[in-house]
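Hi there,

I'm passing this structure on to you, with a few notes on how two of its chains meet. Have a look at it first, and then read on.

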Protein chains: 4
Amino acid sequence: MQLGMVGLGRMGGNIVRRLLKAGHHCVAFDRDTAAREALGAEGALPVADLPAMVAALEAPRAIWIMLPAGAATEEALVTLAGLLSPGDVLIDGGNSMWKDSVRRGAMLRAKGLHFLDIGTSGGVWGLARGYCLMIGGEDAVVRRLDPIFAALVPGKEAAPPTPGRTGDPRPEQGYVHAGPNGAGHFTKMIHNGIEYGMMQAFAEGLDILHHADSPTLPEDQRLTLNLPDITEAWRRGSVVASWLLDLTAQALAQDPQLEGFSGHVSDSGEGRWTVQAAVETAVSAPVLSAALYARFTSRDEDRFSGKVLSAQRKGFGGHLEPPKP
Amino acid sequence: MQLGMVGLGRMGGNIVRRLLKAGHHCVAFDRDTAAREALGAEGALPVADLPAMVAALEAPRAIWIMLPAGAATEEALVTLAGLLSPGDVLIDGGNSMWKDSVRRGAMLRAKGLHFLDIGTSGGVWGLARGYCLMIGGEDAVVRRLDPIFAALVPGKEAAPPTPGRTGDPRPEQGYVHAGPNGAGHFTKMIHNGIEYGMMQAFAEGLDILHHADSPTLPEDQRLTLNLPDITEAWRRGSVVASWLLDLTAQALAQDPQLEGFSGHVSDSGEGRWTVQAAVETAVSAPVLSAALYARFTSRDEDRFSGKVLSAQRKGFGGHLEPPKP
Amino acid sequence: MQLGMVGLGRMGGNIVRRLLKAGHHCVAFDRDTAAREALGAEGALPVADLPAMVAALEAPRAIWIMLPAGAATEEALVTLAGLLSPGDVLIDGGNSMWKDSVRRGAMLRAKGLHFLDIGTSGGVWGLARGYCLMIGGEDAVVRRLDPIFAALVPGKEAAPPTPGRTGDPRPEQGYVHAGPNGAGHFTKMIHNGIEYGMMQAFAEGLDILHHADSPTLPEDQRLTLNLPDITEAWRRGSVVASWLLDLTAQALAQDPQLEGFSGHVSDSGEGRWTVQAAVETAVSAPVLSAALYARFTSRDEDRFSGKVLSAQRKGFGGHLEPPKP
Amino acid sequence: MQLGMVGLGRMGGNIVRRLLKAGHHCVAFDRDTAAREALGAEGALPVADLPAMVAALEAPRAIWIMLPAGAATEEALVTLAGLLSPGDVLIDGGNSMWKDSVRRGAMLRAKGLHFLDIGTSGGVWGLARGYCLMIGGEDAVVRRLDPIFAALVPGKEAAPPTPGRTGDPRPEQGYVHAGPNGAGHFTKMIHNGIEYGMMQAFAEGLDILHHADSPTLPEDQRLTLNLPDITEAWRRGSVVASWLLDLTAQALAQDPQLEGFSGHVSDSGEGRWTVQAAVETAVSAPVLSAALYARFTSRDEDRFSGKVLSAQRKGFGGHLEPPKP
């Protein structure tokens, strides 16, 4: 099958590679000439601009945009919407806000075009391991592009079968048609929200293990624990076995004190949008929020809230702050 | 090797079965005659009381207690300590509080006995899948019982190797000698604390998915999502892939609305002790705490804190409570 | 001074009454004839519709809208914008979303009109006690209406002076010109967010006091505490002395077990918007979020997140749910 | 009335001063000679050691210990218990753990002595403003010492009466006999837990106000807010009016950016014990916990949990950490 790919960074480039391996034909564009030529050398057809991409594809076309969420994605969508013909499909495989995808779906439908919003999980491992895809859009369009999706996902053998499962066979391959436009990115947003919560659960548990020798404990209760060994053991037979644990054990095996990291942690849109979705749907999400806030705090060099507390303590109790650590 | 097992419930019974399959000799005791005869029929040597168990084992003996934490475990330990000879080993494989294990280790050492505190993860799946063991105690004693542990754990092939890992080969089999007495149960406590956090992360994320059709959202943004399909798709290639996700997908495959559950959730000691350990070591653990509190709230039929809020709202604003749902 | 008031509910009506007492002239409109006639009997000039209100006021007019946030306020603003003349002032004293106030200010400025967004705190007690006002808008307009604001606020003697305070004397009366449009409602939003947090702090603390006789405590540590007496004592000399504590002590004096309340607690826009503002500004706000989530949970009869936890527990451990309380 | 005071620091010294002003007779001891001589000059009878204090008081004696919780208090209690006669009263007015007070009460009763555990709130302001007292112990003993308590508390006029209140008149003066031994310190612990929650609510709200000009907001929505003016205005007529707000407004009036503080915040025992009490009584206390954790995080220079998150992010996504701020 034919697919156009706009944006050949780590994600877009590897998706093209995985499609090429499966025998699909890819037309590839990136502003960066080197990026598109690299993929050309691997079997894709590089093009120099979006009109060239549209010209290189047969109708009904399918073009996958894999760009940073926000202005870059919006601009590419709008430009392509002006170049495509009724019946063509635009795909946003990036981490867009799901409400943008609802809006864009309506905008493109009004022009006779189709839109798919696809949440794509897998990161740097996706090329080898396959991508988990969460797709929003019209049923017929999702089915038309099934060969593309089937080539990208990990496949049935990537996990043992779920006893009692019936129905749509696609989720057992690693992709789900989650609903109309917006549903793909909504599902990906929640996936990432859960990911934040799981990561923070590990981070807190390991932090306590790391401080099990704390001088605040009675002397005969202080423990010096080997985190690389503990996380490795947990990978087999325990309840917390998970891909995140695998990665954690790997990081600790290579750097037992994680000295290579500063502890300042970024956050991306999905973690924030998850909290906002919880608030909008009146669902209590203390874990998902705490996970986000821990990242905010990790970068908070201003410490204004701490200053307010210290000022209050001085006010009522004459308490001085502890010495700077 | 010989092992005595005290307590033949779901965990103790299956540990004996797994040891028998591996060719070990087990002496089995339970207050319940039927329980010990059942294991006798499967190859264990059933005994009618603790003195008989001690008599049936050759020194240096190893007796594994698998009873509810608290009074039952304490009583069995104290009784056996009075019957055993110097050099014998007592094992507590239950979910005891780690500070009890520190204390018990000292108490037994004073009598010339050895003590191992072993956190045992694996639940009802352990018989088939193997148990993850977190062991606290003296190095020589842990090494002496290595054939027992090696028979219980899932084994190396249960997970792919961790790149870069060197050192102690036992964690790659699924068990870790975490440190002196207390370290086994401390590590198990934190394992369960992380488990609580991961479970709650899934619970919150799925709750938002479940409410994605909330009437509080603008009409064109409401989504009806298929949770069995979404969780199944996440099992392959996504960042949240985990054994807990496998179990969640399985539960949803069989009961998509989870109507078989009331939503009142129990909690056990480890979740609570994890929060107390965080407080004692001055480690911030908002996710692990929130996970525990969510369980408290799920059972809170009293709702006194809610009543305080409603009383305050009426006080300053004349606000009435919403109609009872 | 002249002021038009649109919306004569609990808040709007009492604001008019407080202005009339101070000698101001009020033109009063409400869809409900009885409401406007009641105020007419107290000295206001009742009018039957918005054109009549505009006709009854001399330019430059000032009209205060005190309606539910959202559609009602938007509609009144748009209608009045079409009836007013350049230089007139529209005031939104309700609990509007601050971003709406930014937008409305720009929209009205484009028509030559002025806009003030005023957060109004005081509830049912405001008539007697005065209102705390948080005002956003142009400086000259805020100053022009100063006699109105000065009549509404509690006044300097309502609290002892703050040592070291200099500068703008208006905050010492109980009102603040917080900034341009949006700043009034932003400040009120944060006020309410803090209010949620303080309320929940009391709710949790009192909940623990209420459960100090819990059977989970060792028998000799169970305490039966008198909450009306404790909260009353705290009102004098303690660090938690506050108006919310006064109201709490009052509610407990009248209903020591708060049996008149179900524990289902409403939440309004500001608590939600505060969490969203924290997320948008990357500020960690775990207390303000937890306070909001506690209200969500208090009304959550669905308990889907609890069902997920129970399903997982059954999956890995064969655990059954606790009996329904 | 006669009272012995052991420990003449900020709290103990001012309690003696307030008692002297009310005409009581105080025998004063502190290890620091200068401290006891200073109070001698103000009218107390200084003594050089505990036996001298016991000799200087007539039976039945009452001795108030005002020392740091833990070893210092325990040692003074045990020493005095060996010197006193049946019927004498020992008072612990410090911030002891309530379970210690349960235990100490039983220990002293076994010797024929009486014990009162008194939570004392008021800090540096207590001398002028009076102290709020939360008392645990036997009823007859509390009543015997009533003149002492009546002299220490702020008195009825310190707050307006609570409508509908009947019963024990002492709480209206500012003190409560909360129950048997342990009840005083339990009540004080919860008071401080609530205090932590209220402080953190202000800290978070002010932090959002402080970041209302964040570059993460759309340009036309950024606000520069004057925190000294806003907090001053809130002191009159708002729902968040409180003593903590008074102190906050005062700190901001003197140092609008709170530049005199580092933002590293201490925590004392009561905040930690409150969380442990919540866990022990199965009460959900997310706000009180979050307030404690915010203090832990404010001092966390290690950032191990952040390092775990960064290591995981690098593992699955190849994400690099943000540049150090």
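Ser242(C) is the residue of chain C that comes closest to the rotation axis, with its C-alpha at 1.9 Å. Please keep in mind that this is a predicted model. The axis belongs to a rotation of 180° with 0.0 Å of shift along it, which superposes chain C on chain D with an RMSD of 0.0 Å. That is how a two-fold axis relates its copies. The copies also meet through the same surface, because 100% of the interface residues of chain C are interface residues in chain D as well.

Now to the interface itself. On each side there are 91 residues: 91 of chain C are in contact with 91 of chain D. Together the two chains bury about 7500 Å², and 69% of that is on carbon and sulfur atoms. Within chain C, the most area is lost to chain D by Ile208(C), Arg236(C) and Val239(C), which together make up 11% of what that side buries.

You will also find polar links across the interface. There are 36 residue pairs in polar contact between chain C and chain D, and the count of salt bridges is two. In one of them, the side chains of Arg165(C) and Asp229(D) meet at 2.7 Å, N to O.

Several elements of chain C each supply at least two residues to the side touching chain D, among them β7 (132–136), β8 (175–179) and α10 (227–234). The largest share, 17 residues, comes from α9(C). By type, that side of chain C divides into 48 nonpolar, 28 polar and 15 charged residues.

Enjoy exploring!

Technical notes: Residues numbered from 1 in each chain as written. Chains lettered and ligands numbered in written order. Predicted model: local features only at pLDDT ≥ 70, side-chain atom pairs only at ≥ 80, totals over all residues. Heavy atoms only, no water. Contact = heavy atoms within 4.5 Å. Buried area = accessible area lost by both parts, 1.4 Å probe. Salt bridge = Lys/Arg side-chain N within 4 Å of Asp/Glu carboxyl O. Polar contact = N/O pair within 3.5 Å; in protein donor to acceptor, adjacent residues only side chain to side chain. Helix = DSSP H or I, 4+ residues; strand = E, 2+ residues; numbered from the N terminus. Nonpolar A, V, L, I, M, F, W, Y, C, P; charged D, E, K, R; others polar. Least-squares fit on C-alpha atoms with pLDDT ≥ 70 in both.
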